[in-house]
Amino acid sequence: MNPDERTMARLKAGCICKGVKLIRLIEAIESGATTVEAVQKACGIGDGPCKGKRCGEKVRQLLARDQDR
Ligand code: FES
């Protein structure tokens, strides 16, 4: 991930209902989280009003992108 992408991830929402930025999700994956549940647990998301649907899809996309590398 290039510096511009990291900067944008600090601004974008990872979980809008809990105010968790996208960079937190990315850092959880970089720290070894390999499943949607592990990322959600590490970031304290997934149990908000979306019930894991909205943030879960973001995490799935990030994990898929990570596996393509
Ligand atoms: S977006 Fe907040 S719990 Fe899913």
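Is Leu63 buried, partly exposed or exposed? I looked it up and found Leu63 partly exposed, with 18 other C-beta atoms within 10 Å. The scale I used calls a residue buried if 20 or more other C-beta atoms lie within 10 Å of its own, exposed if 12 or fewer, and partly exposed in between, with C-beta atoms placed from the backbone.

Before going on, I noted that this is a predicted model, in which local features need pLDDT of at least 70 and side-chain atom pairs count only at pLDDT 80 or more, while totals for chains, interfaces and linings use all residues. Residues are numbered from 1 along each chain as its sequence is written.

**Entry on Leu63.** I placed Leu63 in helix α4. Helices (H or I, at least four residues) and strands (E, at least two) are DSSP runs, numbered from the N terminus. Leaving aside its neighbours within four places in sequence, I found Leu63 in contact with Ile29 and Val36. Contact here requires that the C-beta atoms of two residues, placed from the backbone, lie within 7 Å. I also checked Leu63 against Glu30, 33 residues apart along the chain, and read a C-alpha separation of 10.0 Å.

**Entry on helix α2.** Next I took α2, residues 22–30, and listed its buried residues as Leu22, Leu25, Ile26 and Ala28. Seen down the axis of α2, these fall within an arc of 155°, so they line one face of the helix. The arc is that of the directions from the helix axis to the C-beta atoms. I then looked up what the buried residues of α2 pack against, and got α1 (3–11), β1 (13–15), β2 (20–21), α3 (36–43) and α4 (53–67). After α2 comes Gly32, with a positive phi near 120°.

**Entry on α2 and α4.** I read an angle of about 45° for this pair, with the axes 11 Å apart. Axes are lines fitted to C-alpha atoms, for helices over the stretch in contact, and angles run from 0 to 180 degrees between N-to-C directions. The two helices are therefore oblique to each other; angles under 35 degrees count as roughly parallel, over 145 as roughly antiparallel, 65 to 115 as roughly perpendicular and the rest as oblique. I noted the crossing of α2 and α4 as right-handed (left-handed if the near helix is turned anticlockwise from the far one by less than a right angle, right-handed if clockwise). On the α2 side I found Leu25, Ile26 and Ile29, which meet Lys58, Val59, Leu62, Leu63 and Asp66 in α4.

**Entry on α2 and α1.** I found that the axes of α1 and α2 come within 6 Å and cross at roughly 120°. This pair is therefore oblique too. Arg6, Ala9 and Arg10 of α1 make the contact with Leu22, Ile23 and Ile26 of α2.

**Entry on α2 and α3.** I read an angle of about 120° here, with the axes 9 Å apart. That makes α2 oblique to α3. The crossing is right-handed. From α2 I listed Arg24, Leu25, Ala28 and Ile29, and from α3 Val39, Ala42 and Cys43.

**Entry on Lys51.** Last, I looked in the loop between α3 and α4, where Lys51 has its place. I noted a phi near 55° for Lys51, a positive value in a residue other than glycine. Lys51 is exposed, with 10 other C-beta atoms within 10 Å.
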